[in-house]
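Please keep the sequence and the model open side by side while you read these notes.

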Protein chains: 4
Amino acid sequence: MSRKIRMGMIGGGIGAFIGGVHRMAAALDGEIELVCGAFSSNPERSKASGEELHLPANRVYGSYAEMIKAEKKLPLGERMDFVSIVTPNHVHYGPAKMALDNGFHVICDKPLCFNMREAKTLQNTVEKTGLIFALTHNYTGYPMVKQAKAMVKHGDLGKIRKVVVEYPQGWLSTKLEDSDQKQAAWRTDPKRSGVAGAIGDIGTHAENLAEYITGLEISELCADLSTFVDGRLLDDDGNILLRFNNGAKGVLHASQISAGEENALNIRVYGEKGGIEWHQMEPNTLITKWLDKPMQILRTGGEGLYPESSQSSRIPAGHPEGYLEAFATIYKNFAKCVRARIDGTTVDPMFEDFPTVADGVRGMEFVDKVVKSSKKGAKWIKL
Amino acid sequence: MSRKIRMGMIGGGIGAFIGGVHRMAAALDGEIELVCGAFSSNPERSKASGEELHLPANRVYGSYAEMIKAEKKLPLGERMDFVSIVTPNHVHYGPAKMALDNGFHVICDKPLCFNMREAKTLQNTVEKTGLIFALTHNYTGYPMVKQAKAMVKHGDLGKIRKVVVEYPQGWLSTKLEDSDQKQAAWRTDPKRSGVAGAIGDIGTHAENLAEYITGLEISELCADLSTFVDGRLLDDDGNILLRFNNGAKGVLHASQISAGEENALNIRVYGEKGGIEWHQMEPNTLITKWLDKPMQILRTGGEGLYPESSQSSRIPAGHPEGYLEAFATIYKNFAKCVRARIDGTTVDPMFEDFPTVADGVRGMEFVDKVVKSSKKGAKWIKL
Amino acid sequence: MSRKIRMGMIGGGIGAFIGGVHRMAAALDGEIELVCGAFSSNPERSKASGEELHLPANRVYGSYAEMIKAEKKLPLGERMDFVSIVTPNHVHYGPAKMALDNGFHVICDKPLCFNMREAKTLQNTVEKTGLIFALTHNYTGYPMVKQAKAMVKHGDLGKIRKVVVEYPQGWLSTKLEDSDQKQAAWRTDPKRSGVAGAIGDIGTHAENLAEYITGLEISELCADLSTFVDGRLLDDDGNILLRFNNGAKGVLHASQISAGEENALNIRVYGEKGGIEWHQMEPNTLITKWLDKPMQILRTGGEGLYPESSQSSRIPAGHPEGYLEAFATIYKNFAKCVRARIDGTTVDPMFEDFPTVADGVRGMEFVDKVVKSSKKGAKWIKL
Amino acid sequence: MSRKIRMGMIGGGIGAFIGGVHRMAAALDGEIELVCGAFSSNPERSKASGEELHLPANRVYGSYAEMIKAEKKLPLGERMDFVSIVTPNHVHYGPAKMALDNGFHVICDKPLCFNMREAKTLQNTVEKTGLIFALTHNYTGYPMVKQAKAMVKHGDLGKIRKVVVEYPQGWLSTKLEDSDQKQAAWRTDPKRSGVAGAIGDIGTHAENLAEYITGLEISELCADLSTFVDGRLLDDDGNILLRFNNGAKGVLHASQISAGEENALNIRVYGEKGGIEWHQMEPNTLITKWLDKPMQILRTGGEGLYPESSQSSRIPAGHPEGYLEAFATIYKNFAKCVRARIDGTTVDPMFEDFPTVADGVRGMEFVDKVVKSSKKGAKWIKL
């Protein structure tokens, strides 16, 4: 088969932030084309978005239900191969469930859905249908994150002892949700965002990154959540002690009131032999530290990398790759798997490397337990 | 009109570095689609490349001449709107000239062409045909470079006094051209690269960046070129003193034998009131320095930016944008201009911001004068 | 009076690390001279040390008790004015108490002493005698730390909401105490170090720094200490959640098994209006971040500093000042106060800025509560 | 002998910048004591300075001539062992010559003196008397600079090909010499500073650093000096192409009008196998880059250092050492040599590592040739 994989998008109308990110990520590598969309629950807005995106009018739908039904009637190769879900949290479950039930693969923005019940149902549906489901914990797409994971896996750091992961932002330092800033509005609204604010939105990225790199599981946690901005309904800051299933210890903190911070997702992992340090805002550098020799600086596409990292960069070292490229790597790997499924071939396991519905369930559970721990006065809870 | 702008590619077959970059850059913003290509002078290879790129077989050509002729016969809206030329230097002129003569807009990799004669002819052709011609001095696409340019233009730094621009690389520290590394082979071959090596390949980027940001022209230079690797036919290092047309002074150095360097294109510009510093390898940061107040750090998409910079980033501050995004901005602005031409509308002058054939001629002249100065024993030469 | 202030040293014989640091710090500003010492409990070693330090033999003593008694008999102006105590933790109390009881001012390495009982007694003695007592929490001597404190005090950051303070080291990643490394030996020995390892040695620096900069008090904590190296008797890693007396929250982590780390004492403080970030290993830079304007970088001796900071640097901006200079600032301020006492004058309150016996008691209490919280399974404890 | 080496100071009265630096540097290691001084040509000011420095009144002199004569009459061991000269450039020669002629060792601030004639005479005097003469090109005292030198010497980088050295400052961006800023006044005054401004003051540091690290000599140069501030009498900016005696090429630029820069003395050296990069403002880090392996970061006092570097740091890695410590290392090594001379012993050659009168002559010659090249319109001149 030499055609592009065909994507239908749910959500992501004009002006939406994350919809545009998904479209750029999907387009980058030339393997995916956007063929249809239900870009808004407002049909007018959906239509206008479709036109702006150069889609034919008959492939722009007024609702996701309409899209799934209509596309299913088209012949394979013409109809969409998968849906990309980029709606707010509370509108993940519906379209994901329906798409799966109708035979479409799914790529979905994180967090997986609104609550644990939905999450478990989705997981069952994925298992039952055997369809491919990717969750865009996009930070795992960075080449230097893949290098970090590979180094841990190969034992370069020795047994892991300590993890420090953090995600400070400052953009919700004031009550931005009272302005007409949509991003702020739904993220601070329990009806659309779920039980948690900062922890759900970005704490889960930190949790996912820590478990992805170390291959460990958080087994116990003690969380102290706060809401610093008066009148806000969800947490805007959280500090969490972690214990991992191999005996390692850790700290996770995430915040939306760390005034002046952009997206300072950082991680440090220390083992018996060495440590690594990575900063999302300068993502092409991985600092490695050692007991008895000088620090080494690894660089995207540079010398001394494992294939898991090398194969995930697109251009030679020294040409910085960013957030969109990392995001695109999730799409690229997902597309390789979808293509193999269509062609009836198998895919190099190296490319089966993207967050799945299981990671989504894990994230939901993490959020639940963090909130529970905090509500009990920051007591230890098993995960 | 709601359709994508249609691109035909010349060069850039399987395994080529810069061809892939152009395709990703063109695809990113969803405004351009690749509809045809002559990817190699070897028709088999061209065909295989086209298939890998999911093009229909009848739009994959065995030569650029064949492509231009065939596409011209297709109706507008079906045929390509412009060509993207990504061949080695000595194969820029032919396709660019023919494309222009047949009414196609052109976007071309740098340097413009092989020698000044070709360059001047191309410039005349562009002027005569009135077609749009963009040259991918891609570093000018970075949001922080646009901010630097805007700050100089608005007088924030005061009258410019000094410019230090540098582009050290290390990848040609050994005689890599004797291996089967294609990138090294043509770049060190006078028959394909032209009169200069490092200066032509990357020195021109430095020159272009300095003139782009400052809005000044280099009026005089004194260049000391070297070939450090035995048997190499072109310069692999150059140090150049600069004088600008407003009395400013400067230094430009570029190198392919600065062992261990990746793509360390850096620039510092100092005026009477302050200075700016930018590093390509961490491109989302612009350091600004002042006479009587603390340094300020400007960030892509962040606070305190001019619109010329803000409008050229795609995602909120803290999500790093890289080389491909900067490259894509050249394509995005070019596409906006092509679209306006097709639609018969005008374009916001802010988007007419990409390097043109005039910048290409300027670069060719710079290289010529640098080589001449160096051959005379590093004497001053007017530009 | 124009003479130097006269110092007698207790501990710090040949080869000791911290003794040399104190001597260099005391000497730097030309206000203090070393006149006598009891450098070791081994009289031979004390004597050899004194000779190496160019002291007259009759001022080199075999024990601190001998020194204090003998010096007291010398006339004022000839005898030492104060003692500097640089012995391991368990030998702080004895000489400090005796020095105070005999009328000598004291400057003492941290932590204050071995346990809370000793600490309280010392505090009482200081209060009773009215003598000057300084504790060398030297990191508070850095000009950029003083700037951070001044910014908080002046309300530049608004009400403080969050503090992240950390002190990772890696030097005890293996069982170094089994070699003949003296520093490792006493620091991991409960008989000489006290109830805590990493937390006592460096966690207290982190606690002191956080309280010094913010002017807040830790009111409650939840601590999870670990001993990762088999057979070690004290903690080598600790993660602690903090609550402050104004409602701010925080995280403190300290470690001696963060492989590859040197002395990465870092602090971030966020308020309603902005945040600051400081790294001990690049101490001349203070990063300030703001809600609605770009980051500013403040620099030792540079523009935009409060006098508390400016007056504590010795050379113009751009000449890096280090650990010894910060240490020397503690000595310099202490010496100013001692001199004023001798002269019967008063001192500018700006110079009464050094850690005191109260800070030492506070640190001891912090360590006690951390250990208690951890032993109870990481439960919250009030401070 | 167990006594400190005794220093007499010439210049450096109250409020002088460099005098205080020399005193702190001399005091740091406890091997040198200030015993006398002629701190100002104004006897009142000299006296007041002496008192502030806690010197006995009879050892504070009204002129350097008086001091040298008087001290010579004192017995060895009581009289000063050497003089430290910290006056402006035009008052280096007189006291240095007289001190040497009277048997005193000399440590002198740079540049060596006012012109080449004086320089040569001093060099002859040093050779004739056999006395020890050190010049405080203090940047060579940094441990990471010593590491860089050792790496080149041991061939780690292979044959050196390229050197980029730069010293931008911004403090003279305006006509500061018209205010009562003394530092600015004499540095821009040809009668006190000599034939050059920026090049003499800081360009010589860059030249010295490049030759010190590489062990090479600049054999030819082409210099373009400028005076950007109206009415200024000496250069405030210079850009220079370099050729070295082994065929390496280089760039040196220095500036006092690079607005916003502090003391950004930086050097990069590239050889056939690798490169090093060092920044004075973060002096404890040496970046090493390699052809076929990742960058390594060497740190003061850390792993992987040559003894020349290790022995020149005072405290364990992670405790930053600064400008004063580097300066003090010049004094420390000088003092070891003076002590050996007094004791009639020999000194480990590792400590004979400080700039000498020959380096001073070299610097004077460099300045002369730079000025000559520039005056001829930036022509090449042999050194």
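1. Helix 6 of chain A, residues 143-153, is mostly covered, since 9 of its 11 residues are buried; a residue is called buried if 20 or more other C-beta atoms, placed from the backbone, lie within 10 Å of its own. Among the buried residues of this helix are A:Pro143, A:Met144, A:Val145 and also A:Lys146 and A:Lys149. Just after helix 6 of chain A, A:Gly155 takes a positive phi of about 80°. Helices here are DSSP runs of H or I with at least four residues, strands are runs of E with at least two, and both are numbered from the N terminus.

2. A word on the basis of these notes: this is a predicted model, in which local features need pLDDT of at least 70 and side-chain atom pairs count only at pLDDT 80 or more, while totals for chains, interfaces and linings use all residues. Residues are numbered from 1 along each chain as its sequence is written, and chains are lettered from A and ligands numbered from 1 in the order in which they are written.

3. In chain C, 5 strands form an open sheet in the order 2-1-3-4-5, with parallel pairing, where two strands pair if DSSP finds at least two bridges between them. Strand 2 (32-38) and strand 5 (133-135) of chain C stand at the edges with a single partner strand each, so one side of each is left without a neighbour in the sheet. Strand 4 (residues 105-108) of chain C pairs with strand 5 of chain C in the parallel sense over 3 bridges, and C:Val106 stands opposite C:Phe133 in strand 5 of chain C.

4. Helix 1 (residues 17-27) of chain C packs on this sheet and touches strand 1 (5-10), strand 2 and strand 3 (82-85) of chain C; contact requires C-beta atoms, placed from the backbone, within 7 Å.

5. The contact between chain C and chain A takes 34 residues from chain C and 34 residues from chain A. On the side of chain C that touches chain A, strand 9 of chain C (249-255) gives the most, with 4 residues.

6. How are the two copies related? A rotation of 180° with 0.0 Å of shift along its axis superposes chain C on chain A, with an RMSD of 0.0 Å, the superposition being by least squares on the C-alpha atoms of residues with pLDDT of at least 70 in both. That is the relation of a two-fold axis. Because 100% of the interface residues of chain C are also interface residues in chain A, the copies meet through the same surface.

Terms used
Contact = placed C-beta atoms within 7 Å. Buried ≥ 20, exposed ≤ 12 C-beta atoms within 10 Å, placed from the backbone. Axes fitted to C-alpha atoms, helices over the stretch in contact; angles between N-to-C directions.
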